[in-house]
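Here are my notes for you, written as numbered points. Keep the model open and find each residue as you read.

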Amino acid sequence: TNCLTMAWRLFKNLSEEQQRYEKQLIFEHPAFVKLCQQLLRDARRMTRGDLVFSLHAAVHLGVPQNTLLVQTLVRVCQEKLNQLDNRCISVLATTLAGMDKDKNVSALQAGLQLLVEQRISSIRDIFILQNLMKCLGKDAPVFLKKKLEMAVLREIDGLTFPNALRMFLALAAMNYCSLPILNACSKKIQENVHDVPFRQLILILEACHTLQYRNVKLFSALADYVNSTAYLWDKRQIILFLAACETLGFQPRELLDIFTEKVTEDPEFLNLKNLLIVLRVYSRLNYVPRVQKHLFFEILHSCLNKCLPQISNTELLKAVYSLGILGYLPHHALDVLLQKDSKDELILSDDLKEQNSMMLRCVKTCMELDSPSFTKPAFVLTENLSSLVSLNLRKAQEALIELLGGENVFRQNVRLPYRYHIDFEIRMDSDRKKVLPIAATDDHPDSRVQRLAFLFAPVSAFCLGTTHPQGKLAMKKRHLNKLGYHVILIQNKKFQEMTNEDAVEFLKGKIYSEDAFSFPEATVWDNN
């Protein structure tokens with residue numbers, strides 16, 4: 001056991017390349033074969049500590065799971081399970097968490113779960129509890145997850161920084177979102193953020209995504225740390241961090257600025273894989289660089305053109321769609337895409353067909369509305385979908401009726417060209433002092449009439465912790481501006497939390513505010 005454990009301790013500190021080389025030397029060494037044979041013979045006579053540590057070392061050194069040695073050690077652990085102390089249970093749990101499910105492993109895991117249920121009140125070590133959480137995983141019964149949560153909370157005052165890092169991963173492995181534990185871990189990580197290894201940064205963000213845990217203070221602290229040490233990181237590392245932020249809908253603005261600068265200084269690292277990630281991040285988070293934006297987009301466009309010979313149809317569609325969301329039209333890539341569309345080469349399997357159709361429709365809409373030659377139409381053909389509004393818009397409807405004095409001065413559930421839809425529309429005179437009846441403006445169209453479109457969007461349509469719309473909503477707002485609407489974006493969740501009186505005052509401020517009639521956001525093409 002000591003030989004195997006020492007070999008593992010030396011082995012785990014090597015690089016991946018060195019590990020591959022050393023593993024081959026270990027497995028080919030005649031003494032290793034004798035050691036495994038002796039271990040196989042003595043398995044049932046070993047102490048409980050030697051038994052679990054031998055299994056742990058053998059598995060982590062890469063001895064195949066289907067070998068007689070590993071399967072025998074697993075079966076003996078099963079036989080001696082009740083004899084294991086808490087430390088041995090912890091080592092066994094760590095080992096099982098990294099093994100594939102087979103008949104013997106599943107049986108041992110089930111036995112371990114029963115044992116944990118009996119002993120959980122006596123386990124005071126957070127490290128051991130974490131290992132058990134990882135081993136039992138998402139399939140553990142809810143009552144056991146709650147017991148593990150309570151056991152951790154009993155010891156939470158003694159939470160150390162390393163344990164806080166590991167606890168995120170343990171909860172993610174169990175797919176159990178315990179807010180008290182996560183908040184305590186977040187606080188500890190924020191206090192020691194400069195000691196977090198880069199790989200752990202990514203794992204924390206991935207765990208937050210798995211657990212649907214949104215903590216703006218934690219994300220901001222991690223982003224500020226990467227931002228302040230950006231000169232230490234490889235550009236590919238920063239891409240990984242930005243991609244993890246994108247899945248959470250969190251926009252690290254300063255880091256995006258820094259990364260933009262790195263791309264413009266050295267665009268050669270942008271291979272196809274990195275390019276697609278960058279396009280997805282910037283479009284989803286609706287981020288147009290504040291400086292050098294034209295150069296940045298031209299570089300992305302040039303990189304996309306270089307990748308055209310090797311890019312798949314779906315990747316090409318995603319790339320053009322991402323640039324379209326940002327208001328940029330890559331002409332050459334567009335031509336290639338439309339040629340493929342005309343030959344029906346973009347039709348894929350059913351699971352992708354709907355998504356691809358949506359992206360292609362958006363691209364064609366962008367080609368028309370974001371073109372420099374597009375002019376605001378004097379009249380937009382609209383259609384009322386229904387006089388009924390959904391439950392989550394009832395409050396807004398009632399507030400508008402109270403504010404405006406009736407239903408004849410606004411429309412609801414309005415469908416526009418290009419498959420766009422707005423929740424409510426009102427029309428005002430050119431001085432923006434008076435709301436006009438819908439029927440009167442329909443009978444006598446007047447280009448001086450101001451049209452307001454209300455969009456009540458879910459919180460998920462905005463970047464986390466802000467009122468900054470994400471890509472698709474920002475594109476819709478831009479296109480409605482092009483069609484002549486002044487768009488008012490409202491986070492529906494916050495609106496629903498208002499009292500009726502506050503809701504009326506809020507809408508009054510939005511309708512009669514100067515901000516409601518500010519100029520549309522500039523796109524890349526406007527400035528070209």
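1. How many disulfides does the count come to? The answer is zero disulfides, where a disulfide is a pair of cysteine sulfur atoms within 2.5 Å. Before we go on, remember that this is a predicted model: local features need pLDDT of at least 70, side-chain atom pairs count only at pLDDT 80 or more, and totals for chains, interfaces and linings use all residues. Residues are numbered from 1 along each chain as its sequence is written, and side-chain values use heavy atoms, with hydrogens and water left out.

2. Cys135 has 4% relative accessibility, so it counts as buried (buried means under 20% relative accessible area, exposed over 50%, partly exposed in between, with a 1.4 Å probe and protein chains only).

3. Now look at Cys362. Its closest cysteine sulfur sits in Cys366, 6.5 Å away, and that is again too far for a bond. Cys362 is also buried, at 13% relative accessibility.

4. On to the charges. The structure holds 13 salt bridges, a salt bridge being a side-chain nitrogen of Lys or Arg within 4 Å of a carboxyl oxygen of Asp or Glu. The general idea is that side chains of opposite charge can pair when their charged atoms come close.

5. Lys235 lies in helix α14 (residues 235-248) and Asp266 in the loop between α15 (253-265) and α16, so the pair ties together parts that are 31 residues apart in sequence. Helices (H or I, at least four residues) and strands (E, at least two) are DSSP runs, numbered from the N terminus.

6. Phe269 counts as buried, with 6% relative accessibility.

7. Next, find Asp370 and Arg478. Their salt bridge has its closest N and O atoms 2.8 Å apart. This pair links distant parts of the chain, 108 residues apart: Asp370 is in the loop between α20 (350-369) and β1 (383-384), and Arg478 is in helix α23 (residues 471-482). Asp370 is buried at 1% relative accessibility, and Arg478 is buried too, at 10%.

8. Glu425 and Arg411 meet through their side chains in a salt bridge of 3.3 Å, N to O. Since Glu425 lies in strand β3 (residues 421-428) and Arg411 in strand β2 (residues 410-415), the pair ties together parts 14 residues apart in sequence. Glu425 is buried at 0% relative accessibility, and Arg411 is buried at 9%.

9. Which residues are linked in a network of salt bridges? Glu246, Arg280 and Arg284 are. Pick them out together and you'll see how they connect.

10. Glu402, Glu501, Asp502 and Glu505 make a patch of negative charge on the surface (patch residues have over 30% relative accessible area and no salt bridge, with like charges joined within 9 Å). Helix α25 (residues 500-512) gives the largest share, three residues. Glu402 is in helix α21 (residues 394-404) and is exposed, with a relative accessible area of 60%.

11. Asn175 is not a glycine, yet it has a positive phi of about 50 degrees. You'll find Asn175 in the loop between α10 (161-174) and α11 (179-191), partly exposed at 42% relative accessibility. Gln292 is not a glycine either, and its phi is positive at about 55 degrees. Gln292 belongs to the loop between α16 (272-284) and α17 (293-307), and it is partly exposed, with a relative accessible area of 42%.

Conventions:
Patches are made of residues with over 30% relative accessible area and no salt bridge: like charges are joined within 9 Å, nonpolar side chains (Val, Leu, Ile, Met, Phe, Trp, Tyr) within 5 Å. Accessible areas come from the Shrake-Rupley method with a 1.4 Å probe; for residues, only the protein chains shown count as cover. Lys and Arg count as positive and Asp and Glu as negative; His and the chain ends are not counted. The place of a charge is taken as NZ of Lys, CZ of Arg, CG of Asp or CD of Glu.
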